[in-house]
Structure formats: C-alpha cells, structure tokens
Amino acid sequence: MLHLTAGRLGSRLASRAAAAFTVGSARMASHSQEVVDMVDMSKPMYWDRRDIPLPDRPFKDALTAADQSLKQKEKGPWGQLTKEEKIALYRMSFCQTYPEMNQPSAEWKTVMGGIFIFIGITGLVVWWQSVYVYPETPRTFDEEWQAKQIKRMLDMRINPIEGFSAKWDYEKGQWK
C-alpha cells in the first residue's frame with residue numbers, strides 16, 4: 001500500500017496547481033498562441049455614468065506638454081482662463097458632459113429589430129407547422145355539418161328543460 005503523509009500530499013497538490021497556472025498551460029488551455037492581456041481591476045478606472053458623477057481617475061492620464069501647461073495655468077485664478085481653456089480642462093477630466101450622456105442612443109432600433117426578427121421567425125415556424133405538421137381541419141367544423149348536428153339535437157329534444165332544446169320553439173320552428 002502506498003502511504004502519503006499530509007505534507008507530501010500537500011506538496012504534490014501544490015506543485016500540480018502551480019504547473020496548471022503557468023503561462024504555457026494557460027496558452028494550451030486557450031487553444032491558441034495568443035495570451036489575452038489582463039486588466040487590473042484593483043486600479044481606479046474611468047467610467048462616464050450619471051449616477052456616479054466623479055470617476056475614480058481623470059479621463060486623460062497621459063498629458064501632452066500643452067495639457068501640462070494648461071494644468072499649471074489651472075492652479076491660478078480661473079477668471080484669467082478663456083472659455084476654450086476651461087472646456088479643454090473639463091475634457092481632460094471628463095469624456096462627456098451630462099447633456100451628452102443624456103442623449104438618446106440608437107440602441108432601441110437594434111432591440112426592436114431583434115424583436116421583429118424573432119417574431120418573424122416564430123411566424124414562419126407556426127406557418128410551417130400549420131402546413132406540414134398539423135392535419136387538415138376535421139369535417140365536423142364545417143357549417144353544413146354543424147347545422148345538421150343542431151337539427152339532429154333539436155329532433156332528439158336534447159335537454160328540453162334548461163338546455164339546448166329549451167331555447168327552441170317547436171311550434172313556430174324558430175329560436176325563442
């Protein structure tokens with residue numbers, strides 16, 4: 001019998017787990033030669049959202065020389081800044097304004113198109129089933145057959161007190 005101590009078993013499992021998470025095995029698991037870049041979710045990210053007005057980081061991280069001089073000018077009195085400079089400073093921190101975020105998108109067109117395509121395909125399936133799957137309508141649904149059936153039920157005086165025949169006037173030959 002093979003006896004493994006807890007320490008030996010743990011070291012074997014740890015070495016196999018380490019081998020499973022190496023770059024080579026990750027490459028083999030993805031079935032391609034490319035390795036996907038990982039995004040570090042612990043770092044602050046930029047989001048344009050109406051419910052969170054101040055994102056964790058500014059929109060532009062890498063500033064040009066002109067942007068850096070504008071940032072230095074920002075530290076002074078804002079009355080000396082032009083309107084274009086204020087807008088440029090805003091665009092360094094934020095990608096969109098609230099009115100731009102509130103602009104309606106054209107996503108509803110895609111959603112409605114998908115719904116109509118789904119309804120169209122469903123209609124085609126129902127039509128195909130009615131043509132090729134379901135049998136023809138039985139003859140008992142014809143108006144002639146139903147008229148003959150009503151005449152027969154009246155002749156047999158089916159349920160004459162409260163039912164079908166109670167609503168027929170036998171002397172006049174018409175419905176009451």
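The backbone nitrogen of Glu171 lies 3.3 Å from a polar atom of the Asp169 side chain. A polar contact here is a pair of N or O atoms within 3.5 Å; within protein, one must be able to donate a hydrogen and the other to accept it, and residues adjacent in sequence count only if both atoms are side-chain atoms. The model is predicted: local features need pLDDT of at least 70, side-chain atom pairs count only at pLDDT 80 or more, and totals for chains, interfaces and linings use all residues. Residues are numbered from 1 along each chain as its sequence is written, and side-chain values use heavy atoms, with hydrogens and water left out.

Asp169 belongs to strand 1 (residues 168–169). Asp169 is buried but has no salt bridge. Its nearest side chain of opposite charge is that of Lys172, 4.4 Å away. Lys and Arg count as positive, Asp and Glu as negative; His and the chain ends are not counted. A salt bridge requires a side-chain nitrogen of Lys or Arg within 4 Å of a carboxyl oxygen of Asp or Glu. Buried means under 20% relative accessible area, exposed means over 50%, and partly exposed lies in between (1.4 Å probe, protein chains only). Beyond its neighbours within four places in sequence, Asp169 is in contact with Gln174 and Lys176. Contact means heavy atoms within 4.5 Å.

The chain as a whole comes next. It contains 7 helices and 2 strands. Their order along the sequence is α-α-α-α-α-α-α-β-β. Helices (H or I, at least four residues) and strands (E, at least two) are DSSP runs, numbered from the N terminus. The chain has 176 residues, of which 9% count as buried. Of the contacts between residues at least 6 apart in sequence, 31% join residues at least 24 apart. The chain exposes about 15,800 Å², and carbon and sulfur atoms supply 61% of that area. Accessible areas come from the Shrake-Rupley method with a 1.4 Å probe; for residues, only the protein chains shown count as cover.

A nonpolar surface patch covers about 760 Å². Its members are Trp108, Val111, Met112, Ile115, Phe116, Phe118 and Ile119. Ile119 sits in helix 6 (residues 107–132). Patches are made of residues with over 30% relative accessible area and no salt bridge; like charges are joined within 9 Å, and nonpolar side chains (Val, Leu, Ile, Met, Phe, Trp, Tyr) within 5 Å.

The search of the whole structure finds 7 salt bridges. Side chains of opposite charge can pair when their charged atoms come close. Arg49 is partly exposed at 39% relative accessible area, while Asp51 is exposed at 53%. Arg57 and Asp61 meet in another salt bridge, at 2.9 Å from N to O. Arg57 is partly exposed, with a relative accessible area of 26%. Asp61 is exposed, at 54%. Asp67 pairs with Lys60, and their closest N and O atoms are 3.7 Å apart. Asp67 is buried at 13% relative accessible area, whereas Lys60 is partly exposed at 36%.

Tyr98 lies in helix 5 (residues 98–101). Tyr98 is partly exposed, with a relative accessible area of 36%. Tyr98 and Arg49 are separated by 49 residues in sequence and by 8.9 Å in space, C-alpha to C-alpha. Leaving out residues up to four places away in sequence, Tyr98 touches Arg50 and Pro53.

The loop between helix 7 (143–155) and strand 1 holds Ser165. Ser165 is buried, at 2% relative accessibility. Not counting residues up to four places away in sequence, Ser165 touches Met153, Leu154, Arg157, Ile158, Asn159, Pro160 and Tyr170. Arg157 is found in the loop between helix 7 and strand 1, and Asn159 is also placed in that loop. Most residues other than glycine have a negative phi, and most peptide bonds are trans. Arg157 is not a glycine, yet has a positive phi of about 55 degrees. Asn159, likewise not a glycine, has a positive phi of about 50 degrees. Arg157 is partly exposed at 48% relative accessible area. Asn159 is partly exposed at 47%.
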